[in-house]
Amino acid sequence: MTQAALPGLLARERALLLLEQTYGFWLAKAREIAMQVCREHGSVTSDDVLERLELPEGASHNVIGAIFANGAGGRFRASGYVPTRRPQGHGRRIVKWVRR
């Protein structure tokens with residue numbers, strides 16, 4: 001890591017902490033769902049979670065990234081990328097996660 005990257009990483013950590021404080025209950029439920037999907041299918045994406053759990057009212061879409069942030073406490077690891085199934089994602093690639 002370079003010194004130049006440090007401010008950005010610190011800002012990211014602050015943002016994730018704020019999301020945990022604000023939407024902790026929702027994130028806990030989203031992570032439970034992610035673990036269930038992973039057990040059933042061997043992998044999970046944010047699309048899989050959002051098909052089963054709506055975003056909290058008024059929440060920024062940034063909360064989606066917090067589901068798997070920092071491996072969600074070591075429970076997940078990235079295993080590749082797949083195109084999103086959500087129309088508003090315009091086919092962008094999202095991470096496919098597996099259990100550690």
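Trp26 is in contact (heavy atoms within 4.5 Å) with Leu50, Leu53, Glu54, Leu55, Pro56, Val63 and Ile67, leaving aside neighbours within four places in sequence. The model is predicted: local features need pLDDT of at least 70, side-chain atom pairs count only at pLDDT 80 or more, and totals for chains, interfaces and linings use all residues. Residues are numbered from 1 along each chain as its sequence is written, and side-chain values use heavy atoms, without hydrogens or water.

**Nonpolar core**
- A nonpolar core is a set of buried Ala, Val, Leu, Ile, Met, Phe, Trp, Tyr and Cys residues joined through side-chain atoms within 4.5 Å; buried means under 20% relative accessible area with a 1.4 Å probe, protein chains only.
- The largest such core has 25 residues, and Trp26, Val44, Val49, Val63, Ile67, Phe68 and Phe76 touch the most other members.
- Helix 1 (6-41), helix 2 (46-52) and helix 3 each give two or more residues to this core.
- Helix 1 contributes the most, with 11 residues.

**Aromatic pairs**
- Rings of Phe, Tyr and Trp (its six-membered ring) pair if their centres lie within 6.5 Å; planes under 30 degrees apart are stacked, over 60 edge-to-face, the rest tilted.
- There are two aromatic pairs by this rule.
- Phe68 and Phe76 pair edge-to-face, at 5.2 Å centre to centre and 85 degrees between the planes.
- Phe68 and Trp97 are stacked, because their ring centres are 5.0 Å apart and their planes at 10 degrees.
- Phe68, Phe76 and Trp97 form one aromatic cluster.
- Phe68 is buried at 4% relative accessible area, and Phe76 is buried at 0%.

Notes: Buried < 20%, exposed > 50% of the residue type's maximum accessible area, 1.4 Å probe, protein only. Helix = DSSP H or I, 4+ residues; strand = E, 2+ residues; numbered from the N terminus.
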